[in-house]
Amino acid sequence: MKVPRAQVAEAIAKKTLTEHDPAVLAREIAAYLLTENRVQDLDSLMRDVMAYRQEHGVVEATVMSAHDLTADVKSEVAGLVQDHYPAAKMVIIRETHDPEVIGGLKVKLANEQLDLSVRARLDTFKRLTLEGTK
Amino acid sequence: MATEISIKDLSEDIRAAIAQLKQQPEIENVGIVTRVGDGIAWIYGLAKAGYSEMIDITDQHGETITAFALNLGQEEIGAVILGDDTQIKAGATAKLSGRVLEVPVGPELVGRVVDPLGRPLDGKGAIKSKLTSRVERTAPGVLDRKSVHEPLMTGITAIDSMVPIGRGQRELIIGDRQTGKTAIAIDTMINQHRQDTGVINIYVAIGQKLSKVARLIERLKREGVMEQTIVIATSAADPASLQYLAPYAATAMGEYFRDNKQHALIIYDDLTKHAAAYRQMSLLLRRPPGREAYPGDVFYLHSRLLERSAKLSDEKGAGSLTALPIIETQAGDISAYIPTNVISITDGQIFMETNLFYQGIRPAISVGLSVSRVGGNAQTKAVKSVAKSLRLDLAQFRELAAFSQFSTDLDAETRQRIERGQRLTELLKQPQYSPYSIWQMYVVLLAATEGTFDKVPLDKVKTTEANLLRELKHDQGKAMDAINTGAEPDEKTKKLIVDLANKIAASYVTVDEKSKEK
């Protein structure tokens, strides 16, 4: 019988809180997904894992920006996330580059996103301008 | 203490690990197709193949064609191809899948027309079934069963009164071609809808003409029955392997309902063609031919199939799967190989007679040769109370009618028996697609056994019956609904029915009969 995704996610999330070697954990999960023929579930499964960890005080934020972040910006983002999740015991900041952001940054959480990019500002500006001309 | 594992990084690690694991060579059981033809592939090198195990054969275009192993030899195995055998060439690679054949099961199939592998044939898109079940499963054991005790009404008075069928029973419908075998099956399906029994119908067409199947589906749709029906269709043009699989796959679909506290009715139309498809496969697999060239296990072919129809015990949910297998005879010969086999497996048979059919007695059920071995316990009390002497009356009538052909001068008692018999025969005639409710059967049989129709001219019997039913439905709706629950009505209701029947019948009695009475 197929184990429900939420149950698998919970088991993985618990493991991530105790396991120290991500490579070992990754191999175990990969083997499970292959034998159970559930590779296609990987993305949704990982989102569930993030959500579970978030509920248990481990918040992971992916910061997307066009350029490298300075230490100040990183701690500012961590503070922002901490304000958003006062119960968070640990905030993990992960940095990725995306030239499409143009300037500023985007912060992605498990099921939320905070868009502070220049692109978003420009889009808002464009929308407001177009609405004004109608 | 939580570790600082990033889930995003972990996702990427998993993706890399999956790619790496996929690249690792697997030890596979691989064989080579040595010969292929007539839907059979002979494969060398698959020594570990299991009986009925699925084999993936790669065709000349790189596509996979499935086959299943049936002959397991030391040197090579014989596998039946479930697809186009012309695409497979000698030298093709064959891999053991480690699976046995499974089909989708579940409520998602209801209302659909599928092939024996559960693939849709009705153009309504994919079947989003969550569950699958093995095509070949063992039948429930003794302790998991309960004796048949609930009625499965066909709506055909002749059957429900004289050869009643119970839920979980296997009742064979046997007769020559064009004698109304499928018509009985269709009427039974329609009755499940009209009486709102909640029974799921499963119709399996084995090697039938597709025009016949299309006509049947059209009719079921028109009657609103398709909403509680699954049709598994194979045509005469389909490979023998698919025709062979059809009843097993359909039974797997029916078992879902049986095992989930529901009731299902399965109609195998027909098992003669199924046996012929299996004979073809067996001869091509070079199994030794036996009587009529059928292989030695042709009895087991049908016994293991029909044993899966059962009434489950209360502990197992009390669901049921009732089977109505159909067998076509040649010139009324029920002592041929396949008919005798299936007669001995089933719990009774409804024998259709060509002579009766052409005499206009439809349904053309032979009272003498038809029997239900377990259905008596499942008959509703109402119908049982009026059907006791029916079989005997009709049997005596048939004998006397034959005898009276040689004699002109008959005594009053004999003449009375013949007249009663003629009227009973007339009353048991029933047009297609018009199944009766319990109360209708009860009223007709009660009036007939009380002699109401004895003085009514033969050509007016059906009109009298129709008037009686109409008036009762109109004036005594509540009382009739009470009979429909199956309980035997009280004396007051009986008297009311008989009085009204006598009153209506009196208006049809001819002047001659009236003067005779005086």
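1. Let me start with confidence, since this is a predicted model. Chain B has a mean pLDDT of 91, with 96% of its residues at 70 or more. For chain A the average pLDDT is 83, and 96% of the residues score at least 70. The scores for the model are ipTM 0.73 and pTM 0.75.

2. Helix H5 (residues 118-133) of chain A is where confidence is lowest, at a mean of 74. The highest value in chain A belongs to helix H1 (residues 5-18), at 88.

3. Now to the interface of the two chains. Chain B brings 21 residues to the contact and chain A brings 27 residues. Between them, chain B and chain A bury about 2100 Å², and carbon and sulfur atoms give 70% of that area. By class, the residues on the side of chain B that touches chain A are 9 nonpolar, 5 polar and 7 charged.

4. A few specific contacts at this interface deserve a look in your viewer. The rule finds 3 salt bridges across the interface of chain B and chain A. Glu12(B) makes a salt bridge with Arg94(A), and the closest N and O atoms of this pair are 3.3 Å apart. Across the interface of chain B and chain A there are also 7 residue pairs in polar contact, with both residues at pLDDT 80 or more.

5. Chain A itself comes in two parts: domain 1 covers residues 1-56 and domain 2 covers residues 58-134. The contact between these domains takes 7 residues from domain 1 of chain A and 10 residues from domain 2 of chain A. Their C-alpha centres lie 26 Å apart.

6. How much area do domain 1 of chain A and domain 2 of chain A bury between them? The value is about 790 Å², with 51% of it on carbon and sulfur atoms. On the side of domain 1 of chain A, the residues that lose the most area to domain 2 of chain A are Met50(A), Arg53(A) and Gln54(A), which together account for 68% of what that side buries.

7. The polar side of this domain interface is also worth a check. Across the interface of domain 1 of chain A and domain 2 of chain A, the rule finds 0 salt bridges, but 3 residue pairs are in polar contact, both residues being at pLDDT 80 or more. Helix H3 (residues 42-55) of chain A gives the most to the side of domain 1 that touches domain 2, with 5 residues. That side of domain 1 of chain A divides into 3 nonpolar, 2 polar and 2 charged residues.

8. Back in chain B, please look at two peptide bonds. The bond from Asp269(B) to Asp270(B) is cis, with omega near -5°. Asp270(B) is placed in the loop between strand E13 (263-269) and helix H6 (271-284) of chain B. Arg362(B) and Pro363(B) are likewise joined by a cis peptide bond, with omega about 0°. Pro363(B) has its place in the loop between helix H9 (354-358) and strand E16 (371-372) of chain B.

9. Gln178(B) has a phi near 60°, a positive value in a residue other than glycine. You will find Gln178(B) in the loop between strand E10 (172-175) and helix H3 (181-194) of chain B.

10. Finally, salt bridges over the whole model. The structure holds 36 of them over all chains. In one of these, Lys146(B) pairs with Asp314(B), whose closest N and O atoms are 3.1 Å apart.

Technical notes. Residues are numbered from 1 along each chain as its sequence is written. Chains are lettered from A and ligands numbered from 1 in the order in which they are written. This is a predicted model: local features need pLDDT of at least 70, side-chain atom pairs count only at pLDDT 80 or more; totals for chains, interfaces and linings use all residues. Side-chain values use heavy atoms; hydrogens and water are left out. Domain bounds come from an automatic or database domain assignment. Contact means heavy atoms within 4.5 Å. Buried area is the accessible area (1.4 Å probe) that two parts lose on being put together, summed over both. A salt bridge is a side-chain nitrogen of Lys or Arg within 4 Å of a carboxyl oxygen of Asp or Glu. A polar contact is a pair of N or O atoms within 3.5 Å; within protein, one must be able to donate a hydrogen and the other to accept it, and residues adjacent in sequence count only if both atoms are side-chain atoms. Helices (H or I, at least four residues) and strands (E, at least two) are DSSP runs, numbered from the N terminus. Ala, Val, Leu, Ile, Met, Phe, Trp, Tyr, Cys and Pro count as nonpolar, Asp, Glu, Lys and Arg as charged, and the others, Gly among them, as polar. pLDDT is the predictor's confidence in each residue, from 0 to 100.
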